[in-house]
Amino acid sequence: MAIKELLQEELGNSLRMARDYERASAKLPRGCLVKKVIRGRPYYYLAQREKDRVRFKYLGRQIDEKELAKYAESKRLRAQYRRLLADVRKQVRFLRKALRANQAV
Amino acid sequence: MQTKQYDVCLKVLRRLEESGVLRRVVLVGSWCLVLYREYFRGVGELSAVRTRDMDFLVPKQGKMDQNVDVPTLLKDLGFIVGFRGEQGAMMLEHPELMIEFLVAESGRGTDKLKYLPELGMNAQPLRFMDIASSKTVLLHFGDVPVTVPHPAAFVLHKLLVVPRRREAAKREKDLAAALAVLELLEAKGDLPLVREVLVSFPAAWKKTIMRVLQDNGADHWAKALA
């Protein structure tokens, strides 16, 4: 198979995938749940980045188990998507470079 | 094989196997060539030029015992749902692998995707796909048993779709894969199996296959299969 077409197809796939990972990441609930223990008592906050600042929004002394699990899962997924997105971007750079080299030959 | 891709592939196949999905579907496309290495062990080598697409055919009789939401099943491996083409064919994307489900197109054919509620996915109907599930063989990816089209069915299916391919590169790829597998089938003494599958085809399909072989300088194969 003409290698150029194969690389072109893979580049298209990687570009679409990068967009999809960005979209999936943006869909996750924003912020990270933080538990602060003050004088032995737990207090829950939602930490969110706003431009160059991190704001802590007070949520209460008790948090629903489901809510806790939701934020834990979204934190895990966000980290995973960030890592995979970095992989996809690396592929895009590699494929673009390979296609340029292919053109030069 | 690239280790990262192999690992992801193995994890996916294990999950599909544990959930009962893998027993009901047939792995089709260029990933079959990887599994054919087991079939042709001691006969010859197959070099598998493949993309990241991993396609599974859901045969008509492939009813699931229970519903399995495949996107949820693979979510924690990092797979996300993406959509391809104007119709919005669903695919599960990962930097190493892209998974899609297919069904055989029947009747006059349609552009409409088929929703598979038992898998939580939609599937693209493709012409001639039932050939891939008409004669299958169970091979292994690592320790996972995977049903793939018998190499004889694979060859004939590829030859049949060559003229329908719009892109020259894909035509070339299909033809090269078909001829490589055909050579190994002959070396293994399995050409009668190819003829056996071919005999069951309608006359128009046979004619197309013979024409593809003759037009591409493979007359000897056309004669061998006639």
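At what angle do H5(B) and H8(B) pack, and how far apart are their axes? Since this is a predicted model, I took the values as computed from its coordinates. I found that H5(B) and H8(B), the latter spanning residues 203–215 of chain B, pack at an angle of about 80°, and that their axes are 8 Å apart. I therefore noted H5(B) as roughly perpendicular to H8(B), given that angles of 65 to 115 degrees count as such.

I then looked up which residues make this contact. From H5(B) I listed B:Leu156, B:Leu159 and B:Leu160, which meet B:Trp205, B:Thr208, B:Ile209, B:Val212 and B:Leu213 of H8(B). Sorted by class, the residues of the contact of H5(B) with H8(B) come to 7 nonpolar and 1 polar, with no charged residue among them.

Next I turned to H2(B), where I asked which residues are buried. I found B:Cys32, B:Leu33, B:Leu35 and B:Tyr36 to be buried, and because they cover an arc of only 155° around the axis, they lie on the same side of H2(B).

I then checked the domains of chain B. The domain assignment gives domain 1 as 1–149 and domain 2 as 150–226, and over C-alpha atoms I noted 22 Å between the centres of the two. The contact between them takes 18 residues from domain 1 of chain B and 17 residues from domain 2 of chain B. On the domain 1 side, I found that helix H2 (32–39), helix H4 (129–134) and strand S8 (136–141) of chain B are the elements giving two or more residues, and that H2(B) gives the most, with 4 residues. By class, I recorded this side of domain 1 as 13 nonpolar, 4 polar and 1 charged.

Last, I looked up how chain A meets chain B. I noted 17 residues of chain A in contact with 15 residues of chain B. On the chain A side, helix H1 (3–27) and helix H2 (65–104) each supply at least two residues, and H1(A) gives the most, with 10 residues.

Technical notes:
Residues are numbered from 1 along each chain as its sequence is written. Chains are lettered from A and ligands numbered from 1 in the order in which they are written. This is a predicted model: local features need pLDDT of at least 70, side-chain atom pairs count only at pLDDT 80 or more; totals for chains, interfaces and linings use all residues. Two residues are in contact if their C-beta atoms, placed from the backbone, lie within 7 Å. Domain bounds come from an automatic or database domain assignment. Ala, Val, Leu, Ile, Met, Phe, Trp, Tyr, Cys and Pro count as nonpolar, Asp, Glu, Lys and Arg as charged, and the others, Gly among them, as polar. A residue is buried if 20 or more other C-beta atoms lie within 10 Å of its own, exposed if 12 or fewer, and partly exposed in between; C-beta atoms are placed from the backbone. The arc is that of the directions from the helix axis to the C-beta atoms. Axes are lines fitted to C-alpha atoms, for helices over the stretch in contact, and angles run from 0 to 180 degrees between N-to-C directions. Angles under 35 degrees count as roughly parallel, over 145 as roughly antiparallel, 65 to 115 as roughly perpendicular and the rest as oblique.
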